[in-house]
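Visitor: I would like to learn how to read some features of a structural model. Please take them one at a time.

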Amino acid sequence: GIGSAVFLYASAYLRGAPRLARFYVALTLFMASMLGAVLADDLVLLVVFWELTSLTSFLLIGYSPEEAASRRSAQQGFLVTVAGGLAMLAGVILLGSVAGTFSITEILDRGEIIAAHPLAPTIIALIAAGAFAKSAQAPLHSWLANAMVAPTPVSAYLHSATMVKLGVYLLARLDPVFSDHALWIALLTGFGAATMLTGSVLAMRETDLKRVLAYSTIVSLGTLTMLIGIPGELAAVAVVAFLIVHALYKACLFLVAGIIDHETGTRDS
């Protein structure tokens, strides 16, 4: 739904801009990759779509390759998320070998056996590394703020409503397996809280509207990660509610920031 709205917004925001055909193709491929990652029941297939989102994000952040900042930010985001994806791939392979299957549904059914396995801490660490890189958890958060050089439709779609939530989605998907494991709880609550505080401090130092929104997104991602790490049904309900609400209001705020930039020529508040 948000993707459709962003497409309509982009048709007016980027009217007359160069390389529009490439932009729409990359955005469509990104949308397909995100849907594939969310709908996949096979972990290996999920990793494939996961890395495709990183590739298409690289193309969208680097929309203006003639600008050094655009190239640098695209490369930083690509390297951080792909490196995290490779760590996650290692964790997925170990998880599949321990569970005897790569089906998420079957893995959830064998949660107690997996959580008690000696390799469980290694699996948790590797999967968390991939999810933290994707969802801009401290100290891997800087790529998200730098990605604000991308056109506003990209920021609204990728960096508030979809791609940065993919790591949160994976953590939530596997939480039933590891929710009682001490390392899982410590990593998610610890890094989530640290990310929330880091984003809050950095947001107060910014005057660029999009970067302020980026840091507030980092705060939200840290909050979501921390909530997933907290055991209990109430925390799970809070995660789902905040996930949906944040996508709706933050995407709109990015679009409003884009309108201000488009009409005034500046985002400096």
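Guide: Start with burial: a residue is buried under 20% relative accessible area, exposed over 50% and partly exposed in between, computed with a 1.4 Å probe on protein chains only. By that scale Ala-136 is buried, with a relative accessible area of 0%.

Visitor: What kind of model is this, and how are residues numbered?

Guide: The model is predicted, so local features need pLDDT of at least 70 and side-chain atom pairs count only at pLDDT 80 or more, while totals for chains, interfaces and linings use all residues. Residues are numbered from 1 along each chain as its sequence is written, and side-chain values use heavy atoms, with hydrogens and water left out.

Visitor: Where is Ala-136, and what is its phi?

Guide: Most residues other than glycine have a negative phi, and most peptide bonds are trans. Ala-136 has a positive phi, near 55°, and sits in the loop between α7 and α8 (142–146). Helices here are DSSP runs of H or I with at least four residues, strands are runs of E with at least two, and both are numbered from the N terminus. The loop between α7 and α8 also holds Pro-139, which is joined to Ala-138 by a cis peptide bond with omega of about 5°.

Visitor: What is the phi of Arg-19, and where does Arg-19 lie?

Guide: Arg-19, not a glycine, has a positive phi of about 60°. Arg-19 belongs to the loop between α1 and α2 and is partly exposed, at 31% relative accessible area.

Visitor: How is the packing of two helices described?

Guide: Two packed helices are described by the angle between their axes and the distance between the axes. Axes are lines fitted to C-alpha atoms, for helices over the stretch in contact, and angles run from 0 to 180 degrees between N-to-C directions. Take α4 (residues 68–99) and α7 (residues 120–134): their axes come within 7 Å and cross at roughly 150°. That makes α4 roughly antiparallel to α7; the classes are roughly parallel under 35 degrees, roughly antiparallel over 145, roughly perpendicular from 65 to 115 and oblique for the rest. The crossing of α4 and α7 is left-handed, meaning that the near helix is turned anticlockwise from the far one by less than a right angle; clockwise would be right-handed.

Visitor: Which residues make the contact of α4 with α7?

Guide: Contact means heavy atoms within 4.5 Å. Among them are Gly-84, Met-88 and Leu-95 of α4, and Ile-123, Leu-126 and Gly-130 of α7. The residues of this contact divide into 13 nonpolar, 6 polar and 1 charged. Ala, Val, Leu, Ile, Met, Phe, Trp, Tyr, Cys and Pro count as nonpolar, Asp, Glu, Lys and Arg as charged, and the others, Gly among them, as polar.

Visitor: At what angle do α7 and α10 pack?

Guide: The angle between α7 and α10 (residues 163–178) is about 155°, and the axes are 7 Å apart. That makes α7 roughly antiparallel to α10. The contact includes Ile-127 and Phe-132 of α7 and Leu-170 and Leu-174 of α10. Its residues comprise 12 nonpolar, 1 polar and 1 charged.

Visitor: How many aromatic pairs does the structure hold?

Guide: Rings of Phe, Tyr and Trp (its six-membered ring) pair if their centres lie within 6.5 Å; planes under 30 degrees apart are stacked, over 60 edge-to-face and the rest tilted. The structure holds 8 such pairs. Phe-7 and Tyr-24 are stacked, at 5.9 Å centre to centre and 20° between the planes. This pair links Phe-7 in α1 (residues 2–13) with Tyr-24 in α2 (residues 20–39), 17 residues apart. Phe-7 is partly exposed at 22%, and Tyr-24 is partly exposed at 24%. Phe-30 and Tyr-157 form an edge-to-face pair, with centres 5.5 Å apart and planes at 80°. Phe-30 lies in α2 and Tyr-157 in α9 (residues 152–161), so the pair ties together parts that are 127 residues apart in sequence.

Visitor: Are Phe-30 and Tyr-157 buried or exposed?

Guide: Both are buried.

Visitor: Which residues does His-181 touch?

Guide: Not counting residues up to four places away in sequence, His-181 touches Ala-115, Ala-120, Pro-121 and Ile-124. His-181 lies in the loop between α10 and α11 (182–204) and counts as buried at 18% relative accessibility.
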